[in-house]
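Please walk me through the salt bridges in this structure. I would like to know which parts of the chain they join and how accessible the partners are.

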Amino acid sequence: PDGISMRGQGVGRTILTRTANAGSMLRWQAPASPSSSRIVIHGFTLVGIGGSHAVYDSGILIDGIKDFRAFDLEIMDFSGTGIAVIDGRGVIHDCRFVDVYPDDLGQMGYGVLVHGDNVWDDPKPPLGTAEAVFIEDCVFEGCKHGISTNEASHHVFRHNTCSRPVSNRFLKSKG
């Protein structure tokens, strides 16, 4: 009834490495019972198969969860998204996104992707409420975009560091 907690031993100590593409590496979807829709994810390094835009390589998908917290994560070498949130609210903090970038320089390459419910509220939820996805105190290195947002999403992106818009690894592979 208190939801789900997925806890590793820490970044660099618990490493989950993707070996084949099958959609999102980790996925949570809202259950029928709202009492169990709280999730907490922390203490991992997630490593994707990297760069190929022909393969949509995604780290974490949080779909419809209205109370989540993701922190102390390192997410690297994905071509699509590091963390995608669809119609949810919660907090992503103290995470590091590294080389989330498609090789062919096409679409995707988002550290965090936030999609709303595709309904333009009138009135909008007031600023400063919990009715948003908060991305705070994260580092984005070598990502095409730190954040991408669409479909009437509500988010706050603050106290983050974005650097190296194109990874040296990908520049070298391009010649």
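Arg89 and Glu131 pair in a salt bridge, with their closest N and O atoms 3.3 Å apart; the term means a side-chain nitrogen of Lys or Arg within 4 Å of a carboxyl oxygen of Asp or Glu. Arg89 sits in the loop between β7 (81-86) and β8 (90-93), and Glu131 in the loop between β10 (110-115) and β11 (133-136), so this contact ties together parts 42 residues apart in sequence. Strands here are DSSP runs (E, at least two residues), numbered from the N terminus. Arg89 is partly exposed at 29% relative accessibility, and Glu131 is partly exposed at 40%. Buried means under 20% relative accessible area, exposed over 50%, and partly exposed in between (1.4 Å probe, protein chains only).

The model is predicted: local features need pLDDT of at least 70, side-chain atom pairs count only at pLDDT 80 or more, and totals for chains, interfaces and linings use all residues. Residues are numbered from 1 along each chain as its sequence is written, and side-chain values use heavy atoms, with hydrogens and water left out.

The whole structure holds 8 salt bridges. Among them is the one between Asp57 and Arg18, at 3.2 Å from N to O. Asp57 belongs to the loop between β4 (38-47) and β5 (58-63) and Arg18 to the loop between β2 (15-17) and β3 (24-29), so the pair connects parts 39 residues apart in sequence. Asp57 is buried, at 0% relative accessible area, and Arg18 is buried at 9% relative accessibility.

Another salt bridge joins Arg96 and Glu74, whose closest N and O atoms are 2.4 Å apart. Arg96 is in strand β9 (residues 96-98) and Glu74 in strand β6 (residues 67-76), 22 residues apart. Arg96 is partly exposed at 30% relative accessibility, whereas Glu74 is buried at 12%.

Technical notes: Helix = DSSP H or I, 4+ residues; strand = E, 2+ residues; numbered from the N terminus.
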